[in-house]
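User: I'd like to learn how to read a few features in a model like this one. Can you walk me through them, general idea and then the case here?

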Amino acid sequence: MQLDSKSPTGPIEKRWEEHRFHLKLVNPANKRKYTVLVVGSGLAGGSAAATLAELGYNVKCFCFQDSPRRAHSIAAQGGINAAKNYHNDGDSVYRLFYDTVKGGDFRARESNVYRLATVSLNIIDQCVAQGVPFAREYSGYLDNRSFGGAQVSRTFYARGQTGQQLLLGAYQALERQIGAGTVQMFPRTEMLDLVVIDGKARGIVTRNLITGKMETHIGDAVVLGTGGYGNVFYLSTNAKGCNTTAIWRAHKRGALFANPCFTQIHPTCIPVSGEYQSKLTLMSESLRNDGRVWVPLKKGDKRTASQIPEAERDYFLERKYPSFGNLVPRDVASRNAKQVCDEGRGVGETGLAVFLDFRDAIQRLGKHTIKERYGNLFDMYQRITGEDPYQEPMRIYPAIHYTMGGLWVDYNLMSNIPGLYVIGEANFSDHGANRLGASALMQGLADGYFVLPNTIGDYLASNKFDKVENSHAAVREAESNVTQITRRLLEGKGTRSVDSFHRELGKIVWEYCGMARNAAGLKKALSLIPPLREQFWRDVKILGSGDELNQSLERAGRVADFFELAELMCLDALERNESCGGHFREEYQTPEGEAARDDANYSYAAAWEYRGVGQPPVVHKEPLTFEYVHPAQRSYK
Ligand SMILES: Cc1cc2nc3c(=O)[nH]c(=O)nc-3n(C[C@H](O)[C@H](O)[C@H](O)COP(=O)(O)OP(=O)(O)OC[C@H]3O[C@@H](n4cnc5c(N)ncnc54)[C@H](O)[C@@H]3O)c2cc1C
């Protein structure tokens, strides 16, 4: 299979404009003749559905929550990047492009990243016009703060609830279209299969999560904005409902899955406190603007933070990376936290934590300012840990947070299945092997508001779409596939809960394909996952029926897909004999313990083709070329 990225050539700053000009257009009067199925109503799906409907297309939008307003995007705390240069501190579209390519450890397409940086400017204008209440300076201009991997302040924020405010903006735009009748909204509806006819994506099979009713929806194109798969690890900062089912089932219908092993560990999360836990909580990266990360100099030092004098503290990020200090990118900060804990210098009862200390910032700026900037995050920390971060440092440890891998898409955000578009965290584009903080919201909204609405028209205008009846063999086959999966899950007479399997799978993936990986561990994971998957199918116990609200049935289907995905992640990690970004193979590191890339052999996106459960998948390679930001060892010193 030849992967055609459709990446334009020529001067990079003109590529998107030129490309757009050459895309075919759908006449405004003809747009309503096309139906687009948008699965997902987070920032990516919600913005796409609203914009497509505003353009005149007939849109059906699906989400599994009770309201589009509850998509996981609502959890985003810290902010959204844009190269506005309001602070006049040297930012530019080019610098955002440069930081993102470098931050992603040279494993993303330059053309996509440049477009993302360009469009970042429009996003802020659009959101302000919608009334998103971004923080403002005294003068009235929008305020900015810094995020990791950048030396400028380009992160727009609304306290520690930026995702919520942005989603309210997109949600209102979506509701307007729902009210106008141009978007038909299907909440509490889960996509369980993709219908492919004559090689084109033409529909989806869904299950109504309240009644259990299966339905097929036919359209002219399908858009997946279904989020990331971080919950494969069981414990993660993602909302509990986040899952891989939509993209995994599309993968099983032929969509290539790119770079599944590129997962992001976020350095600042509340540490795991016990076996009973089912969720981890993020403490936003924005806190590293003012918080200082440290551990005791001595191993096994059990004194409280206030008992440890300044001279006996190791501000290890500031020491090792003086230029970026506490704001090094996430992969670098996470690895360093792990390293000091592995040395026996971790803090707290388990020793698996480092301090994030606001003492100096409170002394410098006053408690009031810190409260104004991060009040809700401090409250959240206090409620969960029972400790007051205004009085003593937070304890934090890295945790799974984001997935850079996802379905492969070309420059138009179309997968290798014609008519199947993938946007937001669900696709693999733009962030390479490590995403910079505050860039996920930027990408989701860039895709939904500005990129997809342009590119999808070209596809619709260039193709003919025959009417598809529900009696079509492909529809019936997809429906029967979904029915069989549900029946198989319900018929099992097992003894174990879905969660117990998920937890066990998550432990394997975290242990062997988490923050650090090596060949022996990955091979071990690949020997452990298949028997556990088989045991899952034999021994899982699901109460209730398929004709009602049944959350353990819902979860079982998702966990079944996580099993298959986990195997692919480990295989991808094993095949990539280099370290890059969040993919840290212990065998490949510099003498200073930094990721050692192998550009000669691995400068490509690995796009995997599905060949059946337990069958070896086939890898296709999209070579990456860098004309502008030349690959070099990343340095944040
Ligand atoms: C705690 C936390 C804080 C974060 N903070 C920031 C931040 O400050 N800045 C930043 O840039 N990024 C941040 N991120 C990352 C960012 O929030 C996400 O990457 C982004 O919101 C994903 O948006 P999305 O639209 O792609 O997916 P989501 O918001 O996850 O939406 C997915 C949608 O798809 C639907 N869906 C999924 N599967 C199906 C299915 N099978 N059938 C039907 N519907 C389906 C869901 O119902 C939902 O509507 C944070 C992430 C976390 C976990």
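Analyst: Let's start with burial. The buried residues of helix H6 are Thr245, Ala246, Ile247, Trp248, Arg249, Ala250 and His251. Buried means under 20% relative accessible area, exposed is over 50%, and partly exposed is in between (1.4 Å probe, protein chains only). Helices (H or I, at least four residues) are DSSP runs, numbered from the N terminus. One caution: this is a predicted model, where local features need pLDDT of at least 70 and side-chain atom pairs count only at pLDDT 80 or more, while totals for chains, interfaces and linings use all residues. Residues are numbered from 1 along each chain as its sequence is written, and side-chain values use heavy atoms, with hydrogens and water left out.

User: Why is H6 described as largely enclosed by the rest of the structure?

Analyst: Because seven of the eight residues in H6 (residues 245-252) are buried. After H6 comes glycine 254, with a positive phi near 120°.

User: What about glycine 163: where does it lie, and what is it in contact with?

Analyst: Contact means heavy atoms within 4.5 Å. Glycine 163 sits in helix H5 (residues 162-180) and is buried, at a relative accessible area of 0%. Leaving aside neighbours within four places in sequence, glycine 163 touches Ser73, Ile74, Ala76 and Leu441.

User: How do I read helix packing, say for H3 and H4?

Analyst: Look at the axes, which are lines fitted to C-alpha atoms over the stretch in contact, with angles running from 0 to 180 degrees between N-to-C directions. Angles under 35 degrees count as roughly parallel, over 145 as roughly antiparallel, 65 to 115 as roughly perpendicular and the rest as oblique. Here H3 (residues 93-103) and H4 (residues 110-130) pack at about 135°, their axes 9 Å apart, which makes H3 oblique to H4. H3 contributes Val93, Tyr94, Leu96, Phe97, Thr100 and Val101 to the contact, and H4 contributes Glu110, Val113, Tyr114, Ala117, Thr118, Ser120 and Leu121.

User: And how many disulfides does the structure hold?

Analyst: A disulfide is a covalent bond between the sulfur atoms of two cysteines. The test is a pair of cysteine sulfur atoms within 2.5 Å, and the structure holds zero of them. Cysteine 341 is in none, as the nearest cysteine sulfur, in cysteine 269, is 13 Å away; at 8% relative accessibility, cysteine 341 counts as buried. For cysteine 580, the closest cysteine sulfur is that of cysteine 261, at 6.9 Å, too far for a bond. Cysteine 580 is buried too, at 0% relative accessibility.

How values were computed. Helix = DSSP H or I, 4+ residues; strand = E, 2+ residues; numbered from the N terminus.
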